[in-house]
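Hi,

Here is the structure I promised to pass on. Have a look at it first, and my notes follow below.

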Amino acid sequence: MSVIAPQPGILDIELYVGGSSTVDGVAEVVKLSSNENPLGTSDVVKQAHSKTGHNLHRYPSTDHAGLRAAIADVHKLDADRIICGVGSDEVLQFVTQAYAGVGDEIVYPEHGFSMYPILAKMVGAKPVAVPERERTVDVDAILKACTKKTKIVFIANPGNPTGTMIGSNEVARLADGLPKGCILVHDGAYTEYVEGFDGGASLVEARDNMVMTRTFSKIYGLGGLRVGWGYASKEIIDVLNRVRQPFNLSTIQLDVAEAAVRDQEWVEKCRAENTRMRAWLAEALAELGVPSDTSTTNFILARFADQAEAEACDDYLKTEGLIVRRVAGYGLPHCLRITVGDEPACRRVAHTIGNFKAEYR
Ligand code: PMP
């Protein structure tokens, strides 16, 4: 038997490391490692899910007209400028596939979402990580790093795993300063956690070099459904549709996501609860000597003295059944990313970190 070699560069792609939801020997595990919504999904969504499921012998809609119309209606956007994907990950992949190739460069902040370098390598492009300023996107550093070969710049705003955000003026300065032919992807996975924020939609409206991406995985509590969407000029959306599989979303995904986007009451409820518990958790950790930057998301980036302390704390939490995320792979080895859970989970994680701090020397 011989091993068939894949395309050049494929074996350089690091496998995405997802969060585990079990700890050997611990029965009551609390998972705070994947930025999921602790309140789950709304009743409206659960009803939509139980109602769908008929007509599964029919292929789903190929143009996602119903879901796009609902998104457009709720967010006051143009449905013709929307594309839907299997999570926002797939929309990021459409952009990468359509606009970058072998020998091109894809630029992103050093602590950027781990899919950015993976996507670059998938198409044979070179991933270029650019320094941040105090764990915040540095627009000048990105502009300086761009060359004629740069085809895509990815930023998540708010960022993951930093939780920090840059203002719309800065995003506009970035988009307008890019080399000709380069697209700015404004990844808005955490948009809804920021009161009154449009995720960059108004910036996209006025530009032909921007794509905004959004997801149902976070505040909508639908990480398991796998639906995301993108917003861009009609010309870009036309291009992205050419690399999209015709039936990328199932009838179930389409029906449930449509019900979810129409249920903005749930979004508001989850945002308010997240804001309350995030403030509580950040303050509780700060009092224990574990600082964090002001988070605009549903997680906190907890900073420890060094990598050894962060890892020891992670191990300690695990033995107590608390799963958080190590972020050494994002260039933050002295930090742990902790999802804002419900009140009992936040109290339990703070209490356990307090015990760890008292014991750790
Ligand atoms: N962008 C960022 C910044 C994220 O944190 C995530 C999820 N971890 C995604 C995109 C992808 O989310 P999904 O594919 O579930 O929409």
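**What I found**

Helix α2 (residues 65-75) packs against helix α9 (residues 251-262) with the axes 9 Å apart and at an angle of about 10°. That makes the two helices roughly parallel (angles under 35 degrees count as such). Axes are lines fitted to C-alpha atoms over the stretch in contact, with angles from 0 to 180 degrees between N-to-C directions. Helices are DSSP runs of H or I with at least four residues, strands runs of E with at least two, numbered from the N terminus.

This is a predicted model: local features need pLDDT of at least 70, side-chain atom pairs count only at pLDDT 80 or more, and totals for chains, interfaces and linings use all residues. Residues are numbered from 1 along each chain as its sequence is written.

On the α2 side, G66, L67, A70, I71 and V74 meet L254, A257, E258, V261 and R262 of α9 (contact: C-beta atoms, placed from the backbone, within 7 Å).

Strand β4 (residues 105-109) is largely enclosed by the rest of the structure, because five of its five residues are buried (20 or more other C-beta atoms within 10 Å of a residue's own). Both of its faces are covered, with E105, V107 and P109 on one side and I106 and Y108 on the other. In a regular strand the side chains alternate between the two faces of the sheet. β4 runs parallel to strand β5 (residues 126-130), joined by five bridges (pairing takes at least two DSSP bridges). Here P109 stands opposite V130.

Enjoy exploring!

Terms used
Parallel < 35°, antiparallel > 145°, perpendicular 65-115°, else oblique. Contact = placed C-beta atoms within 7 Å. Buried ≥ 20, exposed ≤ 12 C-beta atoms within 10 Å, placed from the backbone.
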